Amino acid sequence: MYRITQLREERGLSQRALAKKIGASAKAVNFWESGKVEPSAKFICALANEFEVTCDYLLAREDDLGNVNVMRELSDSERYWLSYHSKLSPKQRDEAINFMNYLINKI
């Protein structure tokens, strides 16, 4: 989920040492790393600053190259439909969206 453990261990820090650097308790760091509690925005920023990474990287929303991954993995069916989307003209895309809305709202 978060890259806190990975980044902390890469820098040779204990949970207690990291907590002291960012003004948190060692127990809080333990809870964040175990997934029991999510860090507040204040601590996400403090952790990102301490590790010299972006908040997105810390939250595992960004890969090592800076690409932000906010979408889940697409299914084969979704990839299939998207492959056709790119082949449509803007007018055809509008028509396809209208048709999908019709199907979704059809009673």
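User: Which residues line the largest pocket?

Analyst: In this predicted model, the lining consists of Glu78, Trp81, Leu82, Tyr84, His85, Lys87, Leu88, Arg93, Ala96, Ile97, Phe99 and Met100. Helix 6 (76-85) and helix 7 (90-105) are the elements that give two or more residues to this lining. The space in the largest pocket is about 280 Å³.

User: How do the residues of that lining divide into nonpolar, polar and charged?

Analyst: Eight are nonpolar, one is polar and three are charged.

User: Why is Trp81 called exposed, whereas Tyr80 is called partly exposed?

Analyst: Exposed requires a relative accessible area over 50%. Trp81 has 58%, and is therefore exposed. Tyr80 has 44%, a value between the cut-offs of 20% and 50%, so Tyr80 is partly exposed.

User: What makes Tyr80 and Trp81 an edge-to-face aromatic pair?

Analyst: Their ring centres are 5.6 Å apart, and pairing requires centres within 6.5 Å. The planes stand at 80°, and an angle over 60 degrees counts as edge-to-face; the pair is therefore classed that way. Tyr80, Trp81 and Tyr84 form one aromatic cluster.

User: Why is the pair of Trp32 and Phe43 called tilted?

Analyst: The centres of these rings lie 5.3 Å apart, which is within 6.5 Å.

User: What makes the buried residues of helix 3 line one face?

Analyst: The buried residues of helix 3 (residues 26-34) are Ala28, Val29, Trp32 and Glu33. Viewed down the helix axis, they fall within an arc of 130°, so they line one face of the helix. In general, an α-helix has 3.6 residues a turn, so residues three or four places apart point the same way. The cover over the buried residues of helix 3 includes helix 1, helix 2 (15-22) and helix 4 (41-51).

User: Why does Leu58 count as buried?

Analyst: The relative accessibility of Leu58 is 1%, under the 20% limit, so Leu58 counts as buried. Leaving aside neighbours within four places in sequence, its contacts include Tyr2, Ile4, Leu47 and Phe51. The C-alpha atoms of Leu58 and Tyr2 are separated by 5.9 Å, although these residues are 56 residues apart along the chain.

Key:
Residues numbered from 1 in each chain as written. Predicted model: local features only at pLDDT ≥ 70, side-chain atom pairs only at ≥ 80, totals over all residues. Heavy atoms only, no water. 1 Å grid on protein atoms, 1.4 Å probe; cavity = no way out; pocket = protein on both sides within 12 Å on 5 of 7 lines; lining within 4 Å. Points joined across faces, edges and corners; volume = space filled by probe spheres on them. Helix = DSSP H or I, 4+ residues; strand = E, 2+ residues; numbered from the N terminus. Nonpolar A, V, L, I, M, F, W, Y, C, P; charged D, E, K, R; others polar. Buried < 20%, exposed > 50% of the residue type's maximum accessible area, 1.4 Å probe, protein only. Arc of directions from axis to C-beta. Contact = heavy atoms within 4.5 Å. Phe/Tyr/Trp six-rings, centres within 6.5 Å; stacked < 30°, edge-to-face > 60°.
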